Every structure is written in C-alpha cells, then in structure tokens.
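Thanks for passing this one along. My notes are below as numbered points, to be read beside the model.

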Amino acid sequence: MLEPIHVSLASLNITTLAPMLIAIVGALVILGIDLVKEGLHKSFYVMVSLLFLLLDLGSVIDFGNIFLKNGPILGMFDMMLIDGLAILGQIIIVVGSMLFIPLALTSKRFHEYNYPEYFSLFLFMIAGFQFMVATDNLILIFVGLETASLALYALIALHNRSKSFEAAVKYFTMGALAAGFFAFGSMIFYAITGSIEINQIASVLAADHYANIGYVLVAVSFLLAAFGFKLSMVPFHTWTPDVYEGSSAALAGYMSIVPKIAGFIVAMRLFEFLVHSGVVWLQVVLYIAVVITMTASNIWAMVQTDVKRMLAYSSISHAGFVMAAILIGTTQSNTALFLYWALFSFTNLGAFTMLWVSRQKNLLPGQSSDHPYEKFAGLVKTMPMAAIMMALFMLSLAGIPPFGLFWGKIYIIASAVTGGYTVLALIMALNSAIAAYYYLKLIVFMFMKEPVTGYEKYYFTNASLSLKTIIGIAAIGTIFAVFAVNPLLKVITLFVYNSGY
Amino acid sequence: MEITLAHYLVLSGVLFAIGLIGVMRRKNLLMLFFATEILLNATNIGFAAISHYYNDLTGQMFAFFIIAIAASEVAVGLGLLIVWYKRTGKIDLDIMTSMRG
Amino acid sequence: MEIYLYIALFAPLVGSLFAALFGATPKTMLTGIVASGLLFLSLVSSAILLNYVMMGHTVHVEMMTWIATGDLYIPYGFVVDQVSVVMMMVVTIVSTVVHVYSIGYMDHDKGFNRFFSYLSAFVFSMMVLVMSDNFAGLFIGWEGVGLCSWLLIGFWYHKESATWAANEAFIMNRIADLAMLIGIFIIYWNIGSLQYDVVFAEIANLPMPIITWIGIFLFIGAMGKSAQFPLHTWLADAMEGPTPVSALIHAATMVTAGVYLVVRANPVYDLIPDVGLFIASLGAFVAIFAASMALVNRDMKRIIAYSTLSQLGYMFVAAGLGAYWVALFHLMAHAFFKALLFLGAGNVMHAMHNELDPFKMGGLRKVMKGTFIMMTLASVALAGIYPFAGFFSKDLILEAAFVENHYIIYAVLLFTAGLTAFYSFRLVALIFHGEERYKLFGIHPHEAYKFMLVAMAPLLILAIIAGSFKLSYFELVTNLLPAVEYHIHHPMTYWMITIGTQLFVILAVLLAYKKYASWSSVPDGTSKLENCFCYKLLSNQYYIPKLYEELFSKPYRELSRIAWKQIDLKIVDATVDGIANLIYQTGEKTHTMQNGNLSSMLRWMVIGLVVLLVLAVAFTVGYNAVTMRAM
Amino acid sequence: MQEHILSILIFFPALAAMLGFIVHKDSARAYGITVAAIEFFLSLWLWNLYDPMTSGMQFMEKAPLVAAFGINYLVGIDGISLFIIILSTFFTMIGIASLTETRRVKDLIITLLFLEMTMVGVFAALDAIVFYVFWELSLIPMLYIIGAWGGPLRIYASIKFFLYTFTGSLVMLVGMLFMAYFYYQATGQWSFSILEWYRLILPENFQLWLFAAFFVGFAIKVPMFPFHTWLPYAHGQAPTIGSVILAAILLKMGTYAFVRFSLPLFPDAAVFFMFPIAILAIIMIVYTAMVAYAQEDIKQVVAYSSVSHMGVIILGTFALNVEGISGSVFLMIAHGVVSGALFLLVGVIYDRRHTKLMSEFGGLASVMPRYATIFGIMMMASVGMPLTINFVGEFLSLLGFYKQSHAFTLVAGTAIIVGAIYMLSAYKKMFFGNVTKDENKNLKDVNRTELLALVPLVIITIWLGVYPKPVLEPISNSVESIVQLMHDKAQTKEAQARIPDLANQGAMNSQQETH
C-alpha cells in the first residue's frame, strides 16, 4: 500500500496559485451574485470582472517583484512554476483581458452579456490560460488549456447566431482533435523519459544524448500539431478564419491575442530546449512552418473580401512571424516575442474594436458577411476620425513606422539577424510587403472610394463611451508606442533573461 | 504469451489511428465526438501502461485528468450539438459551410 | 579699359532684356532703336579695345566665380586679346548692321520686339563665346548661341518647316557639343584647369595621345557649330529663319565659332599636325562638297548657305594647316561680304514677297538698283576677285595649301573657287538679269527702305576694303598666333598661280553670266538637265538628309516606340505586375482549401500531423544511417 | 531656439496639420500657405544660421528613443541636406500656393503638411531608424494624394507606388539591422547613429551584401532602371501637386540616401559596384529618354525625363570624387526645381483643358505667350543649357564620372542629345505650329497665382545657374569630408585608387585657391 503523504502547507507554497484563484473566485462570486439577484446590468458584471482582474494583475506583479529578487518560484509539488515567462505571460493575459472585457459595454444589446455566466466563463478561461503559462508540467498545461478552451467554445457559441454555433462546433471539434494530439505526444514523452515535467524531460533526454531521437521526434510531431492548432500554424490554422468570422468582433480580437500568448509560452518551454539541444529536425521543420505560415496566410489574406476574415488571416501571419522568435531561440528573440505581442495586442484591440462598433444586426441584401470592404468605402467622407483611426491600426499592422508594431517587427527581425537567420529575416521583411497590400486595401476603400449607400447607418451605431475610450487607448498605445518600447524592452529582457531563456 | 508494455502501446497506437480515421471519415457530428473520445482513451491506455511500467503514479494521474477533461468536453460538445440540432434539425457536417474562403 | 570690356559684353544683354520687357506687346520701334543703339555702344567699346590692344596691351578680367568645387575652379573670366578683339569687332560690326537692317526688315512682323530680344541675346552669347578666358566660359557662349539660333530659326514658329529646322539645328549641335564637353573633361582631368593660359602653357607636357584626343574632341565640337560634314545638314535647313538671322548667325558669326575655337586652341593643334591635316582635308572636302550643292539649288538662301559652308571649309583648311591667322582673316572678310550677301537677299525676298526661287525672279536690277550693286559686289568679293576682300583672304589660303605642299587640297580649293564664282554669279544673274519672270506671278517688287541700304553700306565698304587691313591685322594677331608667312618663293610661280586663279574665277563668272543672264523660263523639272543623275544627286544634297532620316531619325523614333510599348510596358512593367499577380493568383487559387467543411479541416490537421511524422521518421532513418556509418 | 531649430522644422508642419483639422475648410488653403511660408522662412533662417565653412554636421540634436536598442532621435544637417530641406519647404509652399484643386482642399492641405514633416525629417535624420521612420511615413501622404485626388487609374497607381517602394525599403531595413548588428559586434553596443556607423570599417564581402540591401531600397525610390515603372503611373495619375512634390523631393530621398549611406558606409562596395550601377544609370539616361520621346502625354514626357535625369545624378554620385558628388547633389536640387516647375506647368495646361495629350495642343505659343516662355525656359534648363541650374549639376556629374570611365561618360553624355530630342519635340508639338483645335483658341495665359508660383522658380533656375556658389560651396565642403572619409576607410587597392585622397592634395588645393 502506498504510504500516506505528509506535506507541510508551507512547502506547498500555495500562494503561487493566488492569481488563478482570484480569477476563479471572481467567477464564482459572479455566479453567486446571480443566485441572489437576477437581471443585473451587464456593466455591473463588467466592472466586477475588471476588479477581480485588477486584483489578479496585482498579485502577478507582486510575484514579479519576488521573482526579480529570488528567482523562479515553485509551488504545489513543483507543479507551479512562476518564472519570468509566466509572469510576463500572465501580465499580457490579464491586461489583454482587461482591455477586451469592457467591449461588452456596447450601446446595442447583445444577449450574451445579459448572462452572468458569460463573465464567469470569461474569468474561468483566464484562470485556465494563467495555469497554462505558470507551469512546466504537461498535466497542468493540458488542464489549463482545456479549461480555457472549453470556456472559449461556450463563449463563442453564446453569440447566438448560426455562424457562431458553426464556429463553435468547428473550433470545438478541431480542439478535441488537438487535445488528442497533445495527450498522445505527452504520452510518448512520458514513455521515453518517465516524466511529464518539461525540465525533467529535458534533463533526461540530455543525459542519454537523445538516444531515442526517433521517438522524441514523433512526440515532438504530435506536440507541434497540437500547438500548431493553438497558434494557428499552417496547415492547422483552418479553424481561425471561420471562428473569427463566426464570433463577435470583440471575442475574435481577444482570441487573436490572449490564447496565442499562452500558447507561445508553452511552445517556448517545450521547443526551445529541443532547438538548443541541436535537434536539427525541429529547426528545419519550424523554419518551414514559420515561412509557410507567414507567407501562405498573407497570400490568403490578400484575396479576402471581408475585413474580419482578412484580420483573421493577418493574425495567423503575425503568429507565424512571432513563431520565428521561438525558432531563433535567443534571449533577444524571446524578448522580441513579448514586445511584439504587447504591441500587437494594442493594435489588434483597436482594429477589432473598430469592427465591433460598426456591427450590423441584419445583413443588407447582397451582403455575404459582416464586414465586407465595401462597408468601409468612403469612410473618410462620412466619419473622418473613424477612418483615420482604422487607417492608423492598419498601418501599424502593416509595420509602418513609427506605429506600434513596427518596433516589435524590427526587434524580431534584428533578433533573426543576430541569431544568424539572415534569409529568414529577409523573408520576414518581404512578407510585410505582401501584408501591406491587404491592409492598404482597406485604407484604399476608406480613403479613395466613394461611400456605398446602405452601410452608413451602421457606422459606430454600436459605439459607447467605453468603446470609444478603448479605441482611444489603443490609438494612443499605437501612436506613442515608441516611448513605451524602451521601458518594455528593459523589463522584458530582465524577466526573460532571468528565466534562463 | 505475456502481455508487455509494447503490446499496450501498440494497442494505444492502433486505437489512436482508428480515432484519427474516424475523425476524418465521420460526417455525423455525434460520431465525430465518439472518434475524439477514442483518441483520448487510446492515450489513456498508453498512460496507464507506461505508469505501471515505470511504477510511477504520474501517468495514471494524467489519465485521470484526461478522463475528466474528456467528460467535460463531451458536456460542452453535446451542448453545442443540441443547439445546432435545434437550429438546423441536422447533425450532418456537410451543411456546416456557411463560412469559407 | 575693363569698363569697355564690360560695356562691350553686356550692352547686348541689356538690349535683349529691354526688348524682352516688351516681348509680348505689339511692335514698338523703341525696342529696335534701343537694341541697335546698345549694340552700337558695344561696337564702339570694341573699337576702343581694339585700339588698346593694338598698342600691345591685353585686358583680362575675372568677374566672379562660376563653378568651384573640388579642384575645379571656373570663373567668369574675360579676356580681350589680339584674337578675341578681332572676333569682337566682326561680331559687333555685323550685328549692329543687322540690327539696324532688321528694324526695316521686320517692320511688319508681329514678333518685332521678340525678334530684337533674341537677336541681342545672340550677340551677347557670341560675345561671351569669344571673350571667355576659359573653355567652360566658351561653352556657355557656345550653348547660348545654339539656344538663340534655335529661337531665331524657329522664330516663325507656326511654320512646321521652321520649327523642324530649329530642332534639327539644336540637336545636331548638341551631338557636337557632347564631344566638346568630353574635350573639356579631358583637359580638366589632365591639366586641372580650364583657363586658356594654364591649359596652353601645360599642354605640351601631356602625352601625345591625350593631346590628340583633346584636339579631336574639340574639333568635333567645332564641326557641329561650323556645320562641317557630316553635321552639315542643319545649316541649309536653318535658312527657314528670318534673313537677318541667316546673315548674322548662319553666315557671319555663329557658324564661324568652330573656326574660332580651332584658332583659339592653336597651341593644341600645333602639337598634333596629323589632326590638323585631317581638319584641312575635311575642310577641303566640305568646300567642294557644299559648293557642288550650291550649283543646282533653286533656293536663294540655301545657295548662300551652301556657299557659307564652303567658305567655312576654306577656313578649316587654313586652320588645319596651321595658318591660324589666315583662317581668322578669311573668317573676318567672309563675315562682311557674306552678311552683305544675305542682307541683299533679304531685300530681294522682301521685294518678292518671300519668294526664294531665283528662277522666278529675273531682271530685278531695274527696280532694286542699290541691292543689285551690293549683291554683285558681295559676290565679287565672295568669288575672290582682286581687289575685294575675298581675294586676299582666299588667296592666302590657297597659297598656304600650296606652300605646305598639299597639292590635292590646293587643287580642290582652286576648283572650288571656280565653282564659287559660278554659283554666286548664277544667282546674281538669275535674280537681277534677264527677263522679268516674276511678272508671271503677279509680284510688284520694290526696293527696300533707304535706311536699310544705308545700314548695309558699312558692310559693303568692308567687303571691298577689308583686304587692305591685311598687314596691320597680321601684325596684330601674330602676337598671339603663330606668325607663319606663306610666300611662294619663286615670284614667277606666285604670279602664275595668282593670275591663273583670277582668270579661272573670272572665266567661271562669265560662264555663269552666259548661261543664266538671259534666262527666260521657269524650269518645271522636265528638262533633261534636271533629270540627269548628277543634278538629282546635287539638288537632293547627295541624299544625305534622306539618309539621316532613314538611318537615324526613323530608327530612333521606331526604337523609342519599341522601348516604350514593348520593353517598358511589356517587359519591365509586366514583370513587376506579373510578380504581384502571381502572388495574388496563388492566393485566389489556393484559398479554396478553406472550403468551410469541417471534415476537410480535420483532414488538413491530420495531414499536417502525418507529414510531420513522415518527416520525423525519414529524418530518424537518415540520422541513424549517418551515425551507423560514423561508427 | 537655435539648438532646436531642426526639431522645430520637422515637427512644426505636423503640429500645424493637427491644428488644421480645426480650421474651417474655406480657410484651409490660406492656412496651408501661411504654415508653409512660416516653415519656408524657418528653413531660410536655418540657412542663415548655417556655417558654410564647416563640413561636419550642424544643429545636432539627440534624445534617446529606445536606448536599450541604440535608437536615438538624432538629427543634424550638413551642406548636403541643408539645401534639400530648403527645397522641400520651398516646394511645399509653392505647391500649396498654386493649388487649383477644389475637392476636399482641407484634407489635401493637412496631408501636404504631414508630408512636409516627413520630407524634412528624412533629410535631417542622422539615425538610421529615424531616417527609416520618416522615409516610410512619407509614403502614406503621397499614397493618399495620388489615390484620392488622382486620375482614373489612381488606385492602381498609388498602390503600386506604395508597395513597390515599401518592398524595397524593407530590404533596406534588414540591411540597417545588419549594420547595427555589426556595430554591436564591434563595440558591444547597439547603435543606429549614422555618424557612429561611419567609423565602422567592414570587411569587403559584408560591404557588398549590405550595399546590395541598401541599394534595393534606394534604387526603387530613385527610381533606377529597371525599378522605375511605378513612376510613370504615379506621375500620370497624381494630381499636379502630387507630381510636383514627388518629382522635386521624394525622388531625391533615394539619391540623397546613396550619398548619405551607401558611399561613406561601404566605400569598397561602392567601388565594386560602380560600373554595374553606371551601366544602369546609362540605361536610365538613354533608354528612358527614348521612352520619353515616344510618349503622347506631356506629363509622361516630364515623368520619364525625371528618370533620365536621375540617371545623371546616380552617375555623378558614383563618380566618387568631389566634383561628381557635389555635382550630383547640386543636380538633385536643380532637378527638383526644374522638374517641379515642369510639372507645375503641365498642371497649368491641364487645369485649362483637362487633357495632357500633346496631340490636343499645338500652337500654344501664340495663345499663351507667357506660358510658352516660362515653359521654354524650364525646358532649356531641363536640357541643360549653361547658366541654368541644371547645367552646373550635369556638367559636374559627368565631369566627375569622366575620371572613372571615359567610355561610360561618353555614352552617358548623350543625355544632352537625347534630352534635347524629346524635350524639343514635345515643345514643338505643344507650342509651335498653328492652333488647330478650337478649344485652344481662347485659352487664358498664366494668371497671377500661377505666376506667383512659377516666377520664383524661373528666378532660382537662372540665379543658381549663373551663380551657384552660395549653394555649391557648402555642398562641396561637406562632400569633401565624405570623400575623405571614404578614402580613409577604403581597403581594397582599387577603392584606394579610385577614391581621391584629398588630404594629400593640399598643395594642389592651395594652388587653386590663390585664384
């Protein structure tokens, strides 16, 4: 029989759970309040969620300080690992969520925001993502991943349009398959090394000099497929455009940011040690995957007729771009990843919010999707400020200086240069040129074409003060990013470097 | 014949392959969900066997978690399926193509 | 003295700008008078400078910097020395006359003011050309006269032929100018300066090939301005301009700029006698070549233009043979009588309502006595009959050729002298003698204004007496130019040659009179002569303009079209668009993989996994194979 | 204020543009003229403050932007950039003053003011990233100007313009990052300061690659053959003001960048690539001149003529000696003035007839004499008549390159022939002959507003042609220091031979100065 386990509470270091617990408690509180009093206004839930997220953020930052003093913190049988990556990841997750959750405060009514469950699911999802990034235990990663994903499927479906259900079902099914890949991959690693903790796997593999290289590669193949799905690498990306189109613009924007950063951090933990251990196969495969993902999705984005789908493909391309940082695997590139994503989240927040504020209830005759380019034709004549804002976000996405993403872009390309990936750097640069085409296309529609009648009544109908504020924040973040880059770089480098990446 | 770890793993692999084929071939949403369950359970067999082989509980723990997650997946999946069925009266995959390109 | 230099130089500019002020307004007599007055002022200043220079001084000023960078230093420097002062005198005399004359000639023209503006601007450019103390300054004037020539040839811009001729002249000159620029570049990079004094002092230290190249390129430049073969076609076409322009620019001054350049650069050409010989040979060729074309031409002005061309050939012979002072002397004499001839032709044109075909004139001496006398005397001078100016200068050239033992050149020139006399008097005879064929066309000719004739008088006098300046001229210019005297040592030979020449020339004159003085009908292209090959060859200018059209203009036009339509649009641009389209089409073709069907999406995932697994297995197999072999 | 004059010059128009949103649309044009005039006088004041005897950078300002990555806001000017900046502010002023556009003038003015900021910024930037920022940023206003106020193909033209130049500059960006990385390897610090890069001596093979990367960006911008095909479309479709700014200023960014980056950073590579580039330049000169000759649209003639003249600028730049580079920098300004004026002139006739086909005109000289005169002067300047501004530049550029290759210069020199061919024939088609079209019989001559824009250009054309010293001298001084730098950095034998050593020519210089 097994010996009873004696564990002292102190050694559990249960506080490492604090950020996630805050989110979970928040979710439960919202459910509890609903039991007590029904029919509260959505603004109440938004604010409660925001408050809990603030607390969450506070505790993460607290860990940040501890980390800088003492180094990585372990807890819960060493399952929790609070290192620099975890902290940075959580900050981006929580801040990103805080920026997106006020998008519920639309002026139009959407039924999903009347359910308190929406907000509690949202918080559960955040807790899931936080778990994903704050561990190197494959079980916990799996649990976090699934918690978040299941909540996300439900959130998408809550948008209550037939496309949303279709999107949710597609996402769900493919997610289930990806979960299978992940589990199977983990199983193979477990079989080879007898461990499911990434750092132990790494040390075991290193100890026997990758004797079972074949099995390792098979395992990596499965994990790559699983994370390829999560990070929407070609050809595992097929869900992305459909899901983005099906879900509300707010949620689509959210999906383009937060789940991805969680995925990136796990990918970093999983793949970088392999890249560094000289698994040439992985380098080659990642190289190919990165290039194909960037290029193919750019090319597909060019031919889209719907802005939201275009942005979906564009975010695939951006993900591919950032994936290059993992391939390069230097401190600089990992720093660049976080910098890029932080800047990207501001810009994408703005872009998707702009779509969100002009959401239509009913499609016009002949209109096949929510946000066709024609909808924005001649916007500068009807709403110049809106057009300028949208153009600003597009230019930033295209990497035109001095707007936000440009700085992330040059830092990643610079890391490719310093990492010795010259050709990759060139491919990345040239891809920006292809990408510029479809971002420009929207600008062309907005600034150089005559308005198409029928759409004008939808512009900004969904806008409320808080949405405008969010757009303003995003715009300021995008324009003045250059002043934020230096402090961001310093902090990120500190965290990344001290985590050993 | 003694049943070794290898047999379990082969079984696990075969089951996984069956699951994959099911995922690719099935047009009925419900059957599709079954196929994904097969995938996960194939993994479970593998974990249990390896766990026994190493005499280490971690694998079994992983299997437990997978079971739990599979269960919640089914819950969410069936929920979606029911709503979809209510809306369209069908659970056929091929009608689910309103978004493309 | 500097003040006179500046007056001589800038008075025409002031005149030009003054006239330009009234450029768009209707005719004001004032512009003509002011411009002419200022030119006269320039003439006076030049005369004062001439006097000064004759006393053995030179004037050299540096007004200000033009271009200075690196080691290059080009000032606006002007020099009045023995050579340039001669040119200044020629230019100012002829142009003053032409200005005054033009007041009458352009009397009825709408562009009266504009004309004076251009004309004075031309004089200014010409003065810059002759007075500059460096090659770059010369080039300013060089291009300036080209520009004014373009403006003036195309003065009647509504005429297609005029504007065409203007462009032709400009572009052909540009070809030569390029060579001139290259010559300047060679000078700069080998000597480090473009100042005449520095260049001529250092030139002898350069290696021979470089001097040769300098000489060749500068001469090509001169060929363009002086319309030497093969860049000669523009000069005849340039006759589309108003006649005073032809007199001033295309006879007296601008076209002699090439000769001036060779004379000015004599230290260079002295070192390269082979190039000099080439120049002389080309000159001789052009002399006879142009004269032959003048024989049959039926356009009064073109005949005179060919004669100009021919005389330029003479000048180049002299310059090429090292007889620079002779070349300059002929230049001067030629300027006077040729300008006179042109102005006379202008009078005739006026009288004949712009009719140019001498066969349609005849018997004009009765109504145009003054013009008749002047043109006849000018032709005598041109023919080189004693004691007119042409005799002295032309004879010297012949002597030079003879003395230098270039007998072929000598023979050619001698023969050309006969031709010259023939076509000159053919023209005079056709215009002024014989039947009054103009009556057939209902024209009532009248003599030109008195003051125009008076204005021409100085030229007439100079055409007659210029030869008598020979000695003082020789003394003057040989301060600067090599003082080679060409004396045929044997007096007997000398007299035989001189008298022989005179006889030959007079014979040609008589022949011309005999054949044309009693001409009675207007040829209509049916006569036997007009249909013989030689005649056609000559009247079509040896088919050279046609050849140029076929060989250069048309292919260039065609090539340009091909460059645009075929290369630029269909290759270069199409490649760029092709790449863009390729990318776009790839997107169009492949984005259907996103067919929205969940099954196929799942299949893509599995395919992705399978590909990864296959790669993994392949790599492992390969890896193991490699490691096995290593063991 | 003097220490910050460059920042003021850069950001004043941008600030004014922001405030311009508030200005009522009827007053927008007056506002634009006012702002542009203030900016222009500021730039004149800058010239006044500039010390022409100093060859180095002046009015330097530095502020950290991304200190961790070595990116600083670093601006400063020398003789090379000073005059291009003045040209930019001048043309913005002239352009706005002569604006005849009636559609959405306010938007146009604001866009132009933003464009002005980017132009001044590019030429003042001494930090590669700051340079790149302004470089890219300048595309956007131009994109908008072409795309929103252009002709029927405007969208195609504007996107082509944008994407083509953008693609090129991305390659250049990679080059810049490499350069910074080399600097990092050499010194352990990141830096994008051009001045610090100047101190770096790179191995030749790196130079070649980096040169090529920068070249792609610059060559497309210039535009060099065969990357030039965006230009005819851009010019053909752009409104007058767009063409004017594009031709006068934006194209100069490419050639300026060659002088600022390619030459001093990669002297060995510059020598290595001298002849290939010279061949391209010659193709530009001759081939494009031929294409210009074949055009039917007067604006396209001017557009292609721009490419042809840019060829001479490139040639002068790669002469790699003081004469050539000074000449090419001077020619940048000259070409800016002349081609800007020519585009303005084309705009004048387009406003009246709404066509640019030469076959629609003919005999304009009698209907519009003043117009014909000004056009004629500018045409002659474009053809390179001495005593006009263009001649000085072309003469020096060709003179400079003659030192490097005689045959090439001879071929390139045909510029003065082929240039005359297309220009004169175009002039003949438009202005000479009889007035054949009834529409042309009552055309109004240039009016006062147009004269206001054109006359200053004529004056500059002649003034700087007659007396280029005030501009040429500072340029020459700064160029000398660049050439010396190149010589000092040159490693290959060939480069050392081709790039003159000015320091050891002191004897010769002093001899010249005694004049």
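1. Where chain D touches chain A, 27 residues of chain D are in contact with 27 residues of chain A; two residues are in contact if their C-beta atoms, placed from the backbone, lie within 7 Å. Strand 1 (58-66), helix 5 (128-137), helix 6 (139-149) and helix 7 (154-187) of chain D are the elements giving two or more residues to this side. Helix 7 of chain D supplies the largest share, 14 residues. Helices (H or I, at least four residues) and strands (E, at least two) are DSSP runs, numbered from the N terminus. By class, this side of chain D divides into 23 nonpolar, 2 polar and 2 charged residues. Here Ala, Val, Leu, Ile, Met, Phe, Trp, Tyr, Cys and Pro count as nonpolar, Asp, Glu, Lys and Arg as charged, and the others, Gly among them, as polar.

2. A word on ground rules: this is a predicted model, in which local features need pLDDT of at least 70 and side-chain atom pairs count only at pLDDT 80 or more, while totals for chains, interfaces and linings use all residues. Residues are numbered from 1 along each chain as its sequence is written, and chains are lettered from A, with ligands numbered from 1, in the order in which they are written.

3. Which chains share the most contacts? Of the 5 pairs of chains in contact, that is chains C and D. There, 50 residues of chain D are in contact with 42 residues of chain C. Helix 20 (residues 415-431) of chain D gives the largest share of the chain D side, 8 residues. That side has 29 nonpolar, 16 polar and 5 charged residues. Chain B and chain D, on the other hand, do not touch, and their nearest C-alpha atoms are 24 Å apart.

4. Chain D itself has 24 helices and 2 strands. Buried residues make up 67% of the 515 residues in chain D. A residue is buried if 20 or more other C-beta atoms lie within 10 Å of its own, exposed if 12 or fewer, and partly exposed in between, with C-beta atoms placed from the backbone. Among contacts in chain D with a separation of 6 or more, 80% are between residues 24 or more positions apart.

5. Chain B has 3 helices and 0 strands. A compact globule of 101 residues would have a radius of gyration near 13 Å, but chain B has 17 Å. Its C-alpha atoms fill a box of roughly 50 × 25 × 25 Å, taken along the principal axes. Of its 101 residues, 36% count as buried.

6. Do look at the helix pairs in chain C. The axes of helix 4 (residues 112-131) and helix 5 (residues 135-153) of chain C come within 7 Å and cross at roughly 160 degrees, which makes helix 4 of chain C roughly antiparallel to helix 5 of chain C. The axes of helix 13 (residues 273-296) and helix 18 (residues 407-432) of chain C come within 9 Å and cross at roughly 25 degrees, so helix 13 of chain C is roughly parallel to helix 18 of chain C. Axes are lines fitted to C-alpha atoms, for helices over the stretch in contact, and angles run from 0 to 180 degrees between N-to-C directions. Angles under 35 degrees count as roughly parallel, over 145 as roughly antiparallel, 65 to 115 as roughly perpendicular and the rest as oblique.

7. Some backbone details deserve a glance. The peptide bond from A:Val234 to A:Pro235 is cis, with omega near 5 degrees, and A:Pro235 is found in the loop between helix 9 (213-230) and helix 10 (239-246) of chain A. Likewise, the bond from C:Tyr386 to C:Pro387 is cis, with omega near 0 degrees. Phi of C:Ala227 is near 50 degrees, a positive value in a residue other than glycine. C:Ala227 is buried, with 28 other C-beta atoms within 10 Å.

How values were computed: Rg over C-alpha atoms; globule rule 2.2 N^0.38 Å.
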